[in-house]
Amino acid sequence: MSFSLDVRLSKPNKTYRQGELVSGTISVNTPSDCKHDGIGLSLEGTISLQLDNKNILLDTFSSSLKPVQIALASFEMVKPGRFPAGTTEIPFEVKLQPLNGKVLYETYHGVYITIQYMIKVEMKRSVLNRDLLKGIEFVVEVPESYDGSNDKPKVFNITPESLRNVAETGRLPKFCIKGQLDSTAFVITKPMTGELTVERCDITIKSIELQLCRVETCGAGEGFAKEATEIQNIQIGEGDVCRNFPIPIHMVFPRLFTCPTLTTNSFKIGFELNLIVIFEDDHLVMETFDIQLVRPK
Amino acid sequence: MADHHQWVPKARNYPRERKDYSLERQPTRAHPLSGLQRPTPSSATSKEAVNGGGVSSKTSSASNAKSAARTTGAKSAGFIDPLSMMSADFEPAVVEVRGGGGGKTAAPLTKEQMIGSWGVKKESILSKFTTTERLTLTSSYLSGDDRVVTVTKSNLVADRIQSRLEQLDSFEAGSMKEMLNLTQQEYVNKIDQLHSKLQTAWRDDQRVTALKIAIQLSKLLADISPLQFYPSKFVLVTDVLESFGQLIFDRIAEKGGSPGLGGKEDYNAEAAKETCRNWFFKVASIRELLPRLYIEISIMRCITFLEPRSVFAEMVPRFALMIRGIGDHLVASYARCYLARMVIQLAPEILPKSIVLVEDFVASMQQLGLTKLKRKLTDQKLDMSSYVLLHQPALEWITDCYAKQSGVEGLERLLRMAEDSNYTGLLLNCVMTSFKADLVSRSPMKICALIQKNSEDVFPTYILCRTLGLCLMNADTDPKERKKIMNEIWSLVADQGNPQSYISAAEIWVEFAAKFFTVKEVNRVLGDIISHLLPDRAYESCSAVLLQILERLIKHLRSFSLLLSMDKFMPFIDMLQKEEQRLEAAKLLLDAYTKYHQDSAIDPVIINGVLFASKIVHDSISSLSSEDEKRSASVLVCGFLRRIEFGSDFERQLNFYADCRGAFSNLDDVAEFLVHAVNNLAMSARAIQRGHHTRKTAAFVRACVAFSFITIPSLYDIPAQLALYLESAEVALANQCLGQADALIKAAIQLFNASKEELEVFATKMKPAGKIAAEFASNLLALMLVVPDPPEQGILYLVRGILNTIQSCDELVKRPLQMQLLAYASAARQEDYAYHVEGIDSNDRLYGPDPDFLQELDNIASTCLSELLAAVAVLHNAKQNAQAIKMAHELLDIVLAHGDLTKCQSALAILVGFVKTYDPKTVASLRKLAESRRRTDGTAWECLLELL
């Protein structure tokens, strides 16, 4: 048993909104009486943009892409002194609000863009001991008003003719896959829904998959980089599915890796859905849908 | 030798004692056992019932002797005791071995029953769907072989590190291993291994590992080859998944979650909910459809931590739709089955929605065109109906679920679906098994028509016929329709080419005919069966079913005259050719005969038939047969013999018994039964003659005794022989056959003398050899009291034989016998004996107060007493005090009961002195006894009081 410092939030799901009090406890556990030079607590919100090293075009930006702080608050929780042996619990409470002139965005962990909120606790100690640092991430949700005006079903119809990158449609097997997404703007807390029917397909189908991608755009105006990466891939049809048999499209949006579609001056986070049909011979047909994610109030 | 003690018995006045010591009696109106349904007639109860006028417990050995004499007639086997007569009014309980409904259960079921029925189904699937093909299993959590990781204790650090690293390698989760060429058993073992790995991982808080194992397991279900094994594989894997779901559920509950809303909202409950939510998110992100589906269904129960139960009504249809995404029909069928299983466990209220599952099944199968399917199956070397049968357990379960909540409309709906489908037979069969029999049998003609429509190569018609038969058996259909159906179906059954399938369907319809029609129809059906199975000796391969048919026939045609009146019955039985099957058949027949045979009229044909069957049973017993086999065979044969009554034709009865003795010589119990029966016969003859035999009846009775005399030695069981000798001697005595009685007693004594060393063989824990001997001696001496001395021999010729035998006995056996002898000598010295046999002058009348006779008795008694007292002293000297005290008490009992206390002072003084010193606790009770007795016969007890 050695000296330990721990932070706990009072909400099990660690989810907060702007203006709410982020509360919790710091607990210090020490086997014997111990001296310290004070404990400080800070709430930090940062946006970090990382750029792909290989992307030479954007090299010029990289210098300017330091993490941006959007929320910061720090306090001294405990004055320098001593802790008695045993566990000492210190409750805290911090109001979640943006820095002046900044806006809070939702927590998001992407490849190039990360929006992260932390509670950090630092315990300063005498010269001989290292300072102890403990951080805990919490999740921020930013609901916005959403009127549902974009909420229209998106009907699709995939046939050899609908493909764009094929020169000779004549050589393709005949197929016709119809379906619809129930909307193009999905509420992030609810599953994405829709359905799909293989009306005709002359070749054996191996798999039908849904691929959810994030599209991250860094920079704005002239020099920007846009990268689409997969978040999750879900199979909805396995093997040669029955014809004329509607198959549900159903996907739960993963937490942390998704956030409501976001557009700011310096970066954008958007999402795409790829519907992929893989045939027996490993050829595949893909249809891409832009989808918007919202978190209504 | 110790001092000589003189024994003087007290003079008894039996009639007075009886009056003085017997308890007060009251007449009773109610039969003590009338409340009981089926009292088991046992000799013990009968003894008590007859021996109602017993004497007080004080004269224990005397009462023993009396009861032995009184039960002379009662011990015979044919005796019907008054208690069992009461129960004879009851119809013998018919044990329904097999319900005809084919495992049908009556609704509404409790939750346990619903799940329980899956257990039954599970077993049947596992035993039915097996494969000899080699299997492949892919998993990263199994080491390639079952090598045990042994950590060799090595001093070298390098070695230890090496083995540590190897272990790490073998636990490395990343690498997928494919195990080829597994036998089915190995495969099952591997799945079990994975199951235990999963549970270990779970216990070790390795939740992600547990989930990964679950995913890998459910992936196995995507591989359908070999097809025949798939249903079993499904059962194995889903068992694990189900328990995985339960693990998660329990874990969340443990953390503080409460199913349903309204739980307390504290931090723990919130945290538990969060954990639960995390599980759902985690599972929802599983890439592949099949694992995601299976695990989502498995953890479905956990949703109740987050949402109200009504959410099932949204989830289940979604799963049902998701299953449509599975391309392979078999995989999809079983996924539906799993969903139905969970629904019935978790949300029975939405069962009616399971019609979607049936519809999806039908629609998807419909797309699987017959020609396409055929092409597909040729690769698997499987014919179409076998493939369709693979779907049956899954579909059956789904329709079971559906049937539970939907009535006639549901049935009709499914029947319509069946009619339109390519797979009529499969659906129809599931419908018939799932719905309650009386629902199904409402429109039998319609189903009949559908069966006729069924195409044989898609679904085997015989199964349909069988199932329909099972349904109709338990339902009341219009009798007119029955005949029509029978005709329609039988023509289908008769068309079956394969004898196996033919007989499997015929089995049910024979019973149908037996239950609802007359012998004539059954006979015709049997004839048809014979003509089907005789060619190419086809019956050899279906003998098990033939036995079942026999069983079913007997269930409904209980009368043997009916059975044997069918001219096809014996030829049918003849088709059972193998030894053990004939035996089984014989047992069935016998069992039925003893249970159901009612008419007392003796038909030689029937007797011959049953005798024939009994012989088969008897002949199956050999020296290698176990005790149990022998016992069950004996029970069957005796049961039959007991039924055979020729009324007043005693000669014939005796002849019959003699025949039986020859026929059933292997069975001890039967021989024993025969002796009892013959003794009973002799006693019945005596009863008819009212004790006075004519020349003819006397000869008959002697024949009976002779029968016993030669039958008894053939027994193996010596205690039984001894008992039978005595019983027969009693019978002989009662019938004035003095010579025979003497011979029997002599034989008994000789046998006892010769075999007293072997009694250990028959001793049990409850009945050690000493007790067997004592019991025998007690009965023998009780009988000896009334047996007059044979005129051509000296005084007490037989008793001296006993005396000699006793002298050569082992010490432990000898003492109780001597005590008995003491009691006997006392009783035999009385002027008028306690009991007599009617028509026989016992020694009291034979000798009168002949001094030689009395002297002889006194000598015997005094010797016994002296030796017994000496034995007590020996035991005492050998420091075996417990035994010595026990013996002293026993002896004191005898002395107090039989001795003239005033004249046996010396012995009494020794005994009382001994008891006083070593067992002072009993002195008080002795004193009490003496004081109470002093009132009735004063002086004798004064002596005892003085000593105390």
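In chain A, three strands form an open sheet of 3 strands in the order E1-E3-E8, and their pairing is antiparallel. Strand E1 (4-9) and strand E8 (86-95) of chain A each have a single partner strand and stand at the edges, so one side of each is left without a neighbour in the sheet. From one strand to the next, the twist averages 20°. The model described here is predicted.

Within this sheet, strand E3 (residues 21-30) of chain A pairs with E8(A) in the antiparallel sense over 10 bridges. In general terms, the strands of a sheet pair through backbone hydrogen bonds, in either a parallel or an antiparallel manner.

The text now turns to where the two chains meet. Chain A contributes 23 residues to the contact, and chain B contributes 23 residues. On the side of chain A that touches chain B, the elements giving two or more residues are strand E16 (205-218), strand E17 (225-238) and strand E18 (247-251) of chain A. The largest share of that side, 7 residues, comes from E17(A). Divided by class, the side of chain A that touches chain B holds 12 nonpolar, 7 polar and 4 charged residues.

Chain B has a secondary structure of 45 helices and 2 strands. Of its 948 residues, 40% count as buried. Among the contacts in chain B with a separation of 6 or more, 74% are between residues 24 or more positions apart.

One helix pair of chain B can be followed in detail. Two packed helices are described by the angle between their axes and by the distance between those axes. For helix H11 (residues 289-298) and helix H12 (residues 312-323) of chain B, the axes come within 11 Å and cross at roughly 160°. Because angles over 145 degrees count as roughly antiparallel, H11(B) and H12(B) are therefore roughly antiparallel to each other. Their crossing is left-handed. The residues that make the contact are B:Leu293, B:Glu296 and B:Ile297 on H11(B), and B:Phe319, B:Met322 and B:Ile323 on H12(B). By class, the residues of this contact of H11(B) with H12(B) comprise 5 nonpolar, no polar and 1 charged.

Key
Residues are numbered from 1 along each chain as its sequence is written. Chains are lettered from A and ligands numbered from 1 in the order in which they are written. This is a predicted model: local features need pLDDT of at least 70, side-chain atom pairs count only at pLDDT 80 or more; totals for chains, interfaces and linings use all residues. Axes are lines fitted to C-alpha atoms, for helices over the stretch in contact, and angles run from 0 to 180 degrees between N-to-C directions. Helices (H or I, at least four residues) and strands (E, at least two) are DSSP runs, numbered from the N terminus. Angles under 35 degrees count as roughly parallel, over 145 as roughly antiparallel, 65 to 115 as roughly perpendicular and the rest as oblique. A crossing is left-handed if the near helix is turned anticlockwise from the far one by less than a right angle, and right-handed if clockwise. Two residues are in contact if their C-beta atoms, placed from the backbone, lie within 7 Å. Ala, Val, Leu, Ile, Met, Phe, Trp, Tyr, Cys and Pro count as nonpolar, Asp, Glu, Lys and Arg as charged, and the others, Gly among them, as polar. Two strands pair if DSSP finds at least two bridges between them. A residue is buried if 20 or more other C-beta atoms lie within 10 Å of its own, exposed if 12 or fewer, and partly exposed in between; C-beta atoms are placed from the backbone.
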